Amino acid sequence: MSKHDTIINNHVLKNYNRYSMEFASGSGKYLYDTKGQEYLDFLSGIAVTGFGHQHIAIKTAVENQLNHIWHTSNLFEISLQETVAAGLCKFSGLDKVFFCNSGTEANEAAIKFARMRGNGRYEIIATEGSFHGRTMGALSMTGQAKVRNGFAPLLPGFVHVPFNDINAIANAVTENTCAVFLEVIQGENGIIEADKNYIKELRNICNEKNLLLIFDEVQTGIGRTGKFFSYQHYDVLPDVISFAKGIANGLPLGGVICNDKVAACIKPGCHGSTFGGNQISLASASAVLELMTPETLTDIEALGGFLMAKLHALQHPLIKAIRGKGLMVGIEIIETVEVKEIASLLLASGVVTGTAGNNTLRLLPPFIIDVFDIGIFIDKLSGILNSLCETILIKEG
Ligand SMILES: Cc1ncc(COP(=O)(O)O)c(C=O)c1O
């Protein structure tokens, strides 16, 4: 055990299930542990470092900003906020941006904006299986008992309905409803996609009943699925979007994008953040947006398609389902094998992956991988699945 492990185990709260290892450095698509061992990163810090580690353009932008100003507070103008907000409005088709520091804070802000615009209507319809964050508002909106358990009483004003069930949404609307809030692709729940018709119908219901349609794009946004936002695979425009994770490639930044109708309800003093939209995170975000060219998005879609095709070609008996879009891919494993064991074996073989609900292996590689990296991953995964199969057969005699 290293000196570091001892320090972490003594004083850091045990609210995470961590691997007992540490990465000491990263470069591009590779991570290096404290012993110098190299790993192929197929997780990107859970959909954060989309352009890999130490990307030169992002690093240069942040280094330049470090030499000027780090933080002034939102009491003063911050022109970088305008630069990044303009980029986000262009990519989303919406009008105004609020900046904070994380996904859960972005969702808290979106909840507040929805209630503010609701003008007395306060209820938000959310979906079962969703994950929106750990703070009390976002937690109350989250549709997973395992995340919510132990924290009752949760905030009132959230109604949960089954995902992909348009009638359930229609039936849940009351005179108090102000918004429908959902992930177009549920990430933590195992990469579960919304149906095309569901999202279209949802837009119609929201128009008819004067409800805001809000998409949580915290995990799916910033190019992850091959479009800048995942709703762009569908023919709809939401009223509000929350984002975070990939926007600043590893520095803390999140936010909300809304249309002018919602923006008109937000007055000075009704919401804020000390750190939100600080110059360092924004310098990184500005570089990220410049890297997000049409070619980058096309590459993400093509690489995702290649990865999916290779996974399907495996036709492996331990794989129950393969889901996802772009470089957000879930591989559901049959119940008899714990997906955590597969992630651990992959890590031991030099590939970093994650897990999600439904016994699903979660792949969120950086956008800078190539087909050879995918080949390496597929070879390692199939080797591990084959040896697990053999073990099962031996056990069953
Ligand atoms: C869809 C979604 N919303 C919100 C969050 C919360 O983000 P954060 O951990 O930055 O608070 C996450 C985190 O995984 C997420 O996947």
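**Stop 1: the whole chain**

Of the 397 residues in this protein, 48% count as buried. The model you have open is a predicted one. Colour it by secondary structure: there are 14 helices and 17 strands. The C-alpha atoms fill a box of roughly 65 × 55 × 45 Å along the principal axes. How does the radius of gyration fit a compact globule? For 397 residues, such a globule would have a value near 21 Å, and the protein has 21 Å, so the two agree.

Next, think about contacts. Take those between residues at least 6 apart in sequence. Of these, 73% join residues at least 24 apart.

**Stop 2**

Where they meet, domain 1 supplies 27 residues and domain 2 supplies 28 residues.

Stay on the domain 1 side. Which elements give two or more residues to the side that touches domain 2? They are helix H2 (44–47), helix H12 (294–314), strand E13 (319–325), E14 and E17. H12 gives the most, with five residues. By class, this side of domain 1 holds ten nonpolar, twelve polar and five charged residues.

**Stop 3**

**Stop 4: Phe228**

Select Phe228. Look for it in the loop between strand E10 (212–216) and strand E11 (240–243). Is Phe228 buried or exposed? It has 24 C-beta neighbours inside 10 Å, and the cut-off for buried is 20 or more, so Phe228 counts as buried.

Show its contacts. Leaving out residues up to four places away in sequence, Phe228 touches Phe91, Ile222, Gly223, Met292 and Leu297. Then select Ser92. Ser92 and Phe228 are 136 residues apart in sequence, yet their C-alpha atoms are 7.6 Å apart in space.

**Stop 5: Val329**

Move to strand E14 and pick Val329. Val329 is buried, with 23 other C-beta atoms within 10 Å. Which residues is Val329 in contact with, leaving aside neighbours within four places in sequence? They are Ile191, Gly304, Leu307, Met308, Gly324 and Leu363. Now draw a distance from Val329 to Tyr234. These residues are 95 apart along the chain, and their C-alpha atoms are separated by 18 Å.

**Stop 6: helix H13**

Select residues 339–348, which form helix H13. Colour its buried residues: Val339, Ile342, Ala343 and Leu346. Look down the helix axis. These buried residues fall within an arc of 100°, so they line one face of H13.

What does the buried side of H13 pack against? Its partners are strand E14 (328–333), strand E15 (351–352), strand E16 (354–356), strand E17 (360–363) and helix H14 (371–396). Now look at the face turned away from the buried side. The exposed residues Glu341 and Ala348 sit there. Just after H13 comes Gly350, with a positive phi of about 100°.

**Stop 7: backbone details**

- **Ala47.** Find Ala47 in helix H2. Its phi is positive, about 65°, although Ala47 is not a glycine. Ala47 is buried, with 25 other C-beta atoms within 10 Å.
- **Lys245.** Find Lys245 in the loop between E11 and strand E12 (254–258). Its phi is near 30°, a positive value in a residue other than glycine. Lys245 is buried, with 28 other C-beta atoms within 10 Å.
- **Pro153.** Go to the loop between helix H7 (145–148) and strand E6 (158–161), where Pro153 lies. The peptide bond from Ala152 to Pro153 is cis, with omega near 0°.

Note on methods: Residues are numbered from 1 along each chain as its sequence is written. This is a predicted model: local features need pLDDT of at least 70, side-chain atom pairs count only at pLDDT 80 or more; totals for chains, interfaces and linings use all residues. Helices (H or I, at least four residues) and strands (E, at least two) are DSSP runs, numbered from the N terminus. The radius of gyration is taken over C-alpha atoms; the globule rule is 2.2 Å times the number of residues to the power 0.38. A residue is buried if 20 or more other C-beta atoms lie within 10 Å of its own, exposed if 12 or fewer, and partly exposed in between; C-beta atoms are placed from the backbone. Two residues are in contact if their C-beta atoms, placed from the backbone, lie within 7 Å. The arc is that of the directions from the helix axis to the C-beta atoms. Ala, Val, Leu, Ile, Met, Phe, Trp, Tyr, Cys and Pro count as nonpolar, Asp, Glu, Lys and Arg as charged, and the others, Gly among them, as polar.
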